[in-house]
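Let's take a walk through this model together. We'll begin with the overall build and then stop at a handful of residues along the way.

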Amino acid sequence: MKYHIITYGCQMNEHESEKIAGILESLGFEASKSKEQADFILFNTCCVRENAEHKTFGNVGALKKLKDENSSLMVAVCGCMMQQQSVAQKLAETFPFVDLIFGTHNIHTLADMIGDCILNKQRVVSIQEGDLSIHEDVPVTRHSWPLASVNIMYGCNNFCTYCIVPYVRGREKSRSAKEIVQEIQGLKEYREIMLLGQNVNSYNGGGVDFAGLLETICAQTDVPRIRFMTSHPKDLSDRLIDVIASQPRICRHIHLPVQSGSSNILAAMNRGYTREQYLELVRKIRKRIPDIALTTDIIVGFPGETDADFADTMSLLQEVKYDSAFTFVYSRRNGTKAAEMENEVGKAVQKERIMKLVALQNTITEQKNKCYEGKTVRVLAEGISTRDQGHVCGRTGSGKMVNFAGNKDMIGKFFDVEITEGKKTTLFGRITQEQG
Ligand code: 5AD
Ligand code: SF4
């Protein structure tokens, strides 16, 4: 029996698909690269923006043909989108051929759900509201070597007014530091660990805060590189800055979503900081860790966003000069506070703003990438370049993608690379030394 998983959305979803793969492999399934050869096809969905939902409906619908040709094929849909009752219902009604529908809180029961489906020859729908327990015994199958993601917490308490995540993922729950350290100790062949949480800065594992967790991981594991995401600016403590500054194994990169450069919009978004407080935080971080790379998320066209508010976002970008930014047009999500707000910004204005924002950030990213030319950086080779088979690609600690001549035997090793060219999205260079 073969399985094929299609994942939408964030790294949290990617990692949950690794858990689903782990459960399927413990049942004897093998991974299949193509949908056509699979006996079990699963969509792990996202609902953060509307287009993610459209994509899922389109792609699940397209499976009908495969299902018609092969009646034993099982089709499952899970993830955030299924935690929204009305959407799960609509999907179930639109696609009667979907065999299994489940949410984000009951992945650990997948084996039983599949058993029920097969035994009773009928559809299983199993969606739970906010499960407060953490299930530690779920196997994980990773295909990401030399990188590995590790969950440190689940859920979110912040209720930013535009965001659906707290509704579909429930309240924050932190794993114990002991469990996290044990998991990382078991990932000896991996060279870089990404610690995942909706807001890692509010991690609280039985009294251990995020700074304490990082210190414990540095002390009790050998992993050469540690990353984390996402950091909410309102919860980034001085102690955390100190720990990052003092531990060279922690990557010099903080993903610090600002969302808007206007204090008015930040208040309407319920972000918990003003433009000035955010800028002060950036200054503080850069003073303590001068080589830190900062990236961000920005939303344009939030309800009530005026030209002046948008100008504030543009000027904040100029001031901070992020290494890169994920930019989004506001997407109305039913059930959130922002969905009830008046003064929605028209589509044409939203489009104009996002284009201006992307153009500005592209110029900044390019300038920053140019600054790398002539410098030597430490890179972990991650894989073969998709553009050029004679090249490997990998990241600097600051998160920049670097391409250089090489082969698959180099994957998983660190290299010092002199940057010869800094382009829009990638740096190009040549190896000066292998670090092993
Ligand atoms: N519309 C647009 N972007 C959103 N994000 C979250 N919710 C929405 C929404 N309703 C963005 C935020 C967040 C990132 C993961 O997705 O910028 O940081
Ligand atoms: Fe959504 Fe805000 Fe929580 Fe991030 S911090 S997941 S944007 S509610």
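Start with how the chain folds back on itself: of the contacts in the protein between residues at least 6 apart in sequence, 72% join residues at least 24 apart, where contact means heavy atoms within 4.5 Å. Keep in mind that this is a predicted model, in which local features need pLDDT of at least 70 and side-chain atom pairs count only at pLDDT 80 or more, while totals for chains, interfaces and linings use all residues. Residues are numbered from 1 along each chain as its sequence is written, chains are lettered from A and ligands numbered from 1 in the order in which they are written, and side-chain values use heavy atoms, with hydrogens and water left out.

Now the big picture. The protein has 13 helices and 21 strands; these are DSSP runs numbered from the N terminus, with helices being H or I of at least four residues and strands being E of at least two. The radius of gyration is 22 Å, close to the 22 Å that the globule rule gives for 436 residues, so the protein is as compact as a globular protein of that length. That radius is taken over C-alpha atoms, and the rule is 2.2 Å times the number of residues to the power 0.38. Along its principal axes, the C-alpha trace spans about 60 × 55 × 45 Å.

What about the surface? The accessible surface comes to about 19600 Å², and 50% of it belongs to carbon and sulfur atoms; the areas come from the Shrake-Rupley method with a 1.4 Å probe, and for residues only the protein chains shown count as cover. Of the 436 residues, 53% count as buried, meaning under 20% relative accessible area, with exposed being over 50% and partly exposed in between (1.4 Å probe, protein chains only). As for charge, the mean positions of the 53 positive and 53 negative charges are 3 Å apart. Lys and Arg count as positive and Asp and Glu as negative, with His and the chain ends not counted, and each charge is placed at NZ of Lys, CZ of Arg, CG of Asp or CD of Glu.

The protein divides into domain 1 (2–126), domain 2 (144–251), domain 3 (252–370) and domain 4 (376–434), with bounds that come from an automatic or database domain assignment. Taken over C-alpha atoms, the centres of domain 1 and domain 2 are 28 Å apart. Across that pair, 14 residues of domain 1 are in contact with 17 residues of domain 2.

For a first stop, look at Ser17 in helix H1 (residues 11–26). Ser17 is buried, at a relative accessible area of 7%. Leaving out residues up to four places away in sequence, Ser17 touches Ile5, Thr7 and Asn44.

Most residues other than glycine have a negative phi, and most peptide bonds are trans. Here, though, the peptide bond from Trp145 to Pro146 is cis, with omega near 15 degrees, and Pro146 sits in the loop between strand E6 (124–126) and strand E7 (147–151). Another cis bond joins Met229 and Thr230, with omega about 10 degrees; Thr230 is in the loop between strand E13 (225–229) and helix H9 (238–246).

On the phi side, Phe159 is not a glycine, yet has a positive phi of about 50 degrees. Phe159 lies in the loop between strand E8 (153–154) and helix H6 (165–169) and is partly exposed at 29% relative accessibility. Lys321, also not a glycine, has a positive phi of about 55 degrees. You'll find Lys321 in the loop between helix H12 (307–320) and strand E16 (324–329), partly exposed at 33%.

Back in helix H9, have a look at Ala245, which is partly exposed at 22% relative accessibility. Beyond its neighbours within four places in sequence, Ala245 is in contact with Arg252, Arg288 and Ile289. Arg252 turns up again among the residues that Ser398 touches, along with His253, Ala293 and Tyr372, not counting residues up to four places away in sequence. Ser398 lies in the loop between strand E18 (391–396) and strand E19 (401–405) and is buried at 14%.

We finish with Gly436, in the segment after strand E21 (426–434). Gly436 is partly exposed at 34% relative accessibility, and touches Arg191, Lys413 and Phe414 once residues up to four places away in sequence are set aside.
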